[in-house]
Amino acid sequence: MNIRALIILLLCGALIGMLCGCTTQEKEAIDTKEQVGNKVEMENYKVVKDMWGRDVKIKNNVERVALIDFTGTYIKVLKIWDMDDRVVAVDHSQKKNEFLRVICPRIENIVDVGSSKEINYETLASTKPDVVIIRAFVTNKEREDRYKDMIQKLDEMNIPVVILLHPTSFDKPDVKTMWEEIRILGQIFNKEKEADDLINYLNNYVKLISDRTKDIPEDKRPRVLLFATPDYMLGPGTIQSYFLEEIVHGKNVLKEGRWLKTSPEQVLKLNPDALIILGHAGYVSPEEVYEGKDTGFNWKLVQDINAIKNRKVGSLGITEWRATIEFPIGLLREAKTLYPERFTDIDPDKEEIKLYKELYKLDDNTLQEAIKAQRYRGNPH
C-alpha cells in the first residue's frame with residue numbers, strides 16, 4: 001500500500017469515528033431528554049384505575065374537580081377532608097339537595113352542569129376541571145352506553161374521566177364496593193390514610209349492627225317492605241336490600257327486581273311484618289303512616305297490614321337510606337325498628353348528631369339545620 005492510500009484510509013477512519021461519536025452523543029442526549037421528560041411526567045401525573053378497569057392519567061395534585069354524582073357522596077367526602085373548595089362543577093341533583101346545602105353551603109355557588117342524562121359540556125369545559133369523577137348508576141345497557149358516550153365526549157375535550165360505580169350497579173350489591181369508591185377517591189386526592197380512616201369509621205357501625213343481629217334464626221327474621229316515597233318498593237337488586245338482609249338481617253318481602261311501582265292492593269297482598277319508609281321524595285314519619293294520612297300514598301287503605309297493626313314502622317331521612325355517608329344512621333333506625341330489644345342502649349338520633357359533629361364538624365346551629373334537612377318534607381306528588 002502506498003503512502004497516499006494509507007493517508008486516505010486513516011482519514012476515512014477518523015471521519016467515521018467522528019460521525020459515530022456524534023451519533024452516540026446525540027443518542028445519549030435524546031435518551032437523557034426522554035428520561036428528564038419521563039421524570040417530570042411522573043412527578044406531575046399519576047395513573048388511577050377506575051371501577052371500569054380503565055387506567056386514567058390525572059394530575060398528581062388535583063385542584064379542580066367536577067363531580068357528577070346524584071347522591072352527593074363525593075362532595076361529602078371532600079368536605080370531610082377539607083377539600084370541598086376544589087369542586088368547580090356539580091350536577092343538578094346535588095345543587096337542589098337540601099342536606100348538601102346545609103353541610104356544604106358553597107354548593108350554592110358551584111357551577112351547575114346539568115344531569116347525568118344531559119351534561120352541558122360547554123359549561124363543564126369552562127370550569128377547567130383537572131378531572132371529572134362520575135358516580136355511575138349502571139343498571140341496564142342504555143345507562144351503560146350513556147356513560148360511555150360521556151367518556152368519549154370528555155376524552156375528545158382532553159378532560160380525564162374517572163368512573164366509580166354506585167353499589168346497585170352490580171348484580172349483587174355489596175357495601176365493599178362503597179369502600180372501593182372511597183379508596184379510589186383517596187388515591188385521586190392523595191388522601192389514602194384519610195380514606196382508610198373514613199372507611200373504618202363507617203364500617204364500625206356496620207359491624208356493630210351485623211354482630212348484634214347475625215345470630216337471629218331465619219324463621220325469626222321479619223319480612224320487610226322497603227317503601228321509597230312516594231310509591232315505590234325496593235327489590236333484592238338494590239343496595240338497600242343488601243343492607244336489610246346482610247347487615248340488619250331482616251328479609252325483603254320481594255324476591256326480584258329493583259325499583260317497582262306499588263299500590264295499596266299490592267301492599268295489602270304482601271302484608272309485611274315491618275315497614276321501612278325511605279325518604280326518597282320526602283320524609284314520611286311512622287306517625288303519619290299509623291294515622292292513615294295521604295302522603296302521595298294513601299296509608300289509610302293499608303291499615304290492616306301486620307307492620308302497621310304491630311307498630312313496626314321505621315322512617316329514614318332523605319340521605320340516610322342512600323348509599324352515602326349517612327347510611328349507618330339509617331341502618332341503626334332500621335335495626336331498632338326490627339329488633340328494638342337488641343338496641344336498647346342506642347339512640348339513633350344521638351348517633352346522628354355524633355356523626356355530623358365528628359365527620360362534618362358542624363356547630364350547634366348548623367347541626368340543627370342538618371337534622372331538619374334530613375327530614376325534608378319534599379313534594380311527594
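Helices here are DSSP runs of type H or I with at least four residues, numbered from the N terminus. Keep in mind that what you see is a predicted model.

Cavities first. How many cavities of 30 Å³ or more are there? The count comes to two.

The largest cavity holds about 60 Å³ of space. Two helices, α2 (73-80) and α7 (175-188), each supply at least two residues of its lining. Which helix gives the most? That is α7, with three residues. If you want to find the place on the screen, the lining consists of Thr73, Tyr74, Arg135, Met178, Glu181, Ile182, Leu202, Ala323, Thr324 and Ile325. By class, that lining divides into six nonpolar, two polar and two charged residues.

The second largest cavity has a volume of about 40 Å³. Here α9 (239-248) and α13 are the helices that each supply at least two lining residues. The residues around this second cavity are Leu226, Gln240, Phe243, Leu278, Leu316, Trp321, Leu331 and Glu334. They divide into six nonpolar, one polar and one charged.

Helix α13 covers residues 327-338 and packs with helix α14, residues 348-360. The angle between them is about 170 degrees, and their axes are 9 Å apart. How do the two run relative to each other, roughly parallel or roughly antiparallel? An angle over 145 degrees counts as roughly antiparallel, so α13 and α14 are roughly antiparallel to each other. On the α13 side, the contact is made by Ile329, Leu332, Arg333 and Lys336. On the α14 side, Pro348, Asp349, Glu351, Glu352 and Leu355 take part. Sorted by class, this contact has four nonpolar residues, five charged residues and no polar ones.

Last item, a loop residue. Where is Asn158? Asn158 sits in the loop between α6 (141-156) and β9 (161-165). Is Asn158 buried or exposed? Its relative accessibility is 70%, and the cut-off for exposed is over 50%, so Asn158 counts as exposed. From Asn158 to Asp130 the separation is 28 residues in sequence, and C-alpha to C-alpha the two are 9.8 Å apart in space.

That is the end of my list.

Terms used
Residues numbered from 1 in each chain as written. Predicted model: local features only at pLDDT ≥ 70, side-chain atom pairs only at ≥ 80, totals over all residues. Heavy atoms only, no water. Axes fitted to C-alpha atoms, helices over the stretch in contact; angles between N-to-C directions. Parallel < 35°, antiparallel > 145°, perpendicular 65-115°, else oblique. Contact = heavy atoms within 4.5 Å. Nonpolar A, V, L, I, M, F, W, Y, C, P; charged D, E, K, R; others polar. 1 Å grid on protein atoms, 1.4 Å probe; cavity = no way out; pocket = protein on both sides within 12 Å on 5 of 7 lines; lining within 4 Å. Points joined across faces, edges and corners; volume = space filled by probe spheres on them. Buried < 20%, exposed > 50% of the residue type's maximum accessible area, 1.4 Å probe, protein only.
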